[in-house]
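Hi,

Here is the structure I promised to pass on.

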Amino acid sequence: MKLESSKTILTKLFTEYYLTGTQAKKEGKPIAFITAFAPVEILRAMGVFCMYPESYAVVCAASKKASEMIHASRMSSFTQDLCSYSLIDFGTEHYERLPYGGLPDPDMLIATNNQCGTTLLWFKLLSKKKNIPLFIIDYPAAADDRPALRQYIRRQHESLVEFVQQQTSNPIDDQILSEQIANSKKTCQTWKNIHELNKQSPIRLSANKLINALFPIVAAKGTKSACDYYEALLHENQPSPENESKGATRLLWHGYPMWFLAKKFPGCFDTDFQIVLDDYTLWWDLDYSSGADPMEAMTKAYSSTYLNWPLNQKLDWVESLVDEYAIGGVICHANRSCRRALADIVPLRKRLSKRNIPSIIVESDMANPDFYSKEQVRLRIESFRETLRAS
Amino acid sequence: MTYILGIDAGSSYIKFVLIDETGGIIGKSIVPRGAEIDASCRKNYEILSETLEIDQKQIDGIIATGYGRKQVSFADEVITEITALAIAGYSITPNIRMIIDIGGQDSKVVSLNESGKVIDFVMNQKCSAGTGKFLEVTSASLGVKVEDLGPLSLNADKDLSLSSTCTVFAESEIISFVAAGQKKENIIKALHNTISSQILGLYYQANADDQGEILFAGGVALNDGMVTQLSSKLNQRVRVPENPQFICALGAALFLKNKQMKKPV
Ligand code: SF4
């Protein structure tokens, strides 16, 4: 039997995600809006269809609608200083030409604080405005080696089950939950393996291609289709035997891409310089390795997300990527939207500087093109190239 | 004798520096940018060569830097201001470890190692806080010429503080200060203080190798009030080169000269 190509699976996954959402609504099936690092496996095991407003904001930004939608959010008096994902979401109410006709109205909201505090306020507002029940999960940082904290998270996951049951009357299907966790684990492992192909020169998948391959791990993690997608992608990109080095300086992009740009990164690199990795795509490689018990696996996976790590753990991790991927320079995206992600840039640059790894800061936003100044970014990157060339 | 022309097409002014084979400056000029950068560069190149009575055939190379560098169609080479600043700074004295350049549109802090290589650089955020534009706009609202800001600020007798670094908001704060009868001198000192604080932020971010001299380049370095404020914030007297506004153009010309010397004959 001929295997489906990754491209075919991706297209299917993408269209199905939006179509199923609309269909589920029509059929009266429960729909949840969830934040990027919410324990989706529990919800799926209880028959809830999950949609990610952050991922939808990315679609809006990539289809060049972010600016208008953010302006539209002003009609609800939101300050433009908020995270642009949330502003895009707030703008949907006052904007007509929504990609895929917009997201269906949710029946419940699940928000977590393992990425930022913005999502909590954002979802609280949605809950209040539309009168939709909200469940919040608190993931303390560094819970891994503290049994009491792990227990605390576990209890919240159990309360989530009770909450969903109250909303839907659906019990949890343990069999589905185990399958979902197994799929999530496999998906993350394959995603990591795909990245590792770029440890060699020439790289197999550009950072831009990796960004374009992100959707399944964000919105379909836990499903068999997501597993199949990454298996196919890995299979299609096996390292070629003649992997001799091409001598380009290998760059790491630290932080969010710029979704509104066609190539997701500013296009001012010549053949001597190549972004071989954006560490943002690896933020989605969650660790499901702790034990066979699904609840235990989720405790670790969702409490140890990149944005929830203590500062030193973040810096150690980026430093390890610099070594493993033979990085010669780092471009840090100071993403105006995300305070959590901004906080590590200055200490990271200090660390890198001690190791003589050159780095620069490029200021912009992940989704709002109004904060992107092409010429200013170009000047910084060109100056960086000259500096790297001279060193 | 042959020469090299360095052009710094900045956001407010275009600066020209002509150097000879020894790297010595033999002529320079500065003109407001104008809308047509290329045409303005050509015209002023003509004027400079005529004034200096130099046949353009003797000009061995032309290099452009600055915000409008790519628009100088007759340049043989372009480089960014970061590289230009580093080369010029190091040529002034190898003790330089930091260069602060406050330009019309952006401010930069470049740190160098002992061999003059750039080890880091930081630029201001993309707004006019901490740039020459900030001084230009705010001085206009005080009715003071930019060149008078320095001497006036040295006569300040009171510390005022501006709470905003944004040019637009600072302008309205200035108007309130004036309405409250505050002396111009004190308001100007507060302006300098605001810019110096912005620069200090950049200074801490640009990972310096070790302590060395700090060079203050760009037209704003002609302002003694700024030099005093910046030096006091940095706890070190910053060094102002001769003709600080021509440093980038000089660095660019030196870059091309060095490159040509390395070329096999
Ligand atoms: S971009 Fe940052 S602030 Fe916005 S939702 Fe994501 S983690 Fe939160």
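Glu319(A) counts as buried because its relative accessibility is 16%, where buried means under 20% relative accessible area, exposed over 50% and partly exposed in between (1.4 Å probe, protein chains only). This residue sits in helix α14 of chain A, residues 311-324; helices here are DSSP runs of H or I with at least four residues, strands are runs of E with at least two, and both are numbered from the N terminus. Leaving aside residues up to four places away in sequence, Glu319(A) touches Arg351(A) and Arg355(A), a contact being heavy atoms within 4.5 Å.

Before you read on, please note that this is a predicted model, in which local features need pLDDT of at least 70 and side-chain atom pairs count only at pLDDT 80 or more, while totals for chains, interfaces and linings use all residues. Residues are numbered from 1 along each chain as its sequence is written, chains are lettered from A and ligands numbered from 1 in the order in which they are written, and side-chain values use heavy atoms, with hydrogens and water left out.

Another helix to look at is α13 of chain A, residues 294-303, which is mostly covered, with 9 of its 10 residues buried. Among them are Met295(A), Met298(A), Lys300(A) and Tyr302(A). The cover over the buried residues of α13(A) includes α2 (40-44), α7 (147-168) and α8 (174-196) of chain A.

Now for the chain as a whole. Chain A has 17 helices and 8 strands. Its radius of gyration is 21 Å, close to the 21 Å from the globule rule for 391 residues, so chain A is as compact as a globular protein of that length; the radius is taken over C-alpha atoms, and the rule is 2.2 Å times the number of residues to the power 0.38. Of the 391 residues, 58% count as buried. For contacts in chain A between residues at least 6 apart in sequence, 75% join residues at least 24 apart.

How is chain A divided into domains? The assignment, which is automatic or from a database, gives domain 1 (6-173) and domain 2 (176-390). The contact between them takes 49 residues from domain 1 of chain A and 54 residues from domain 2 of chain A. Taken over C-alpha atoms, the centres of the two domains are separated by 23 Å.

Best wishes
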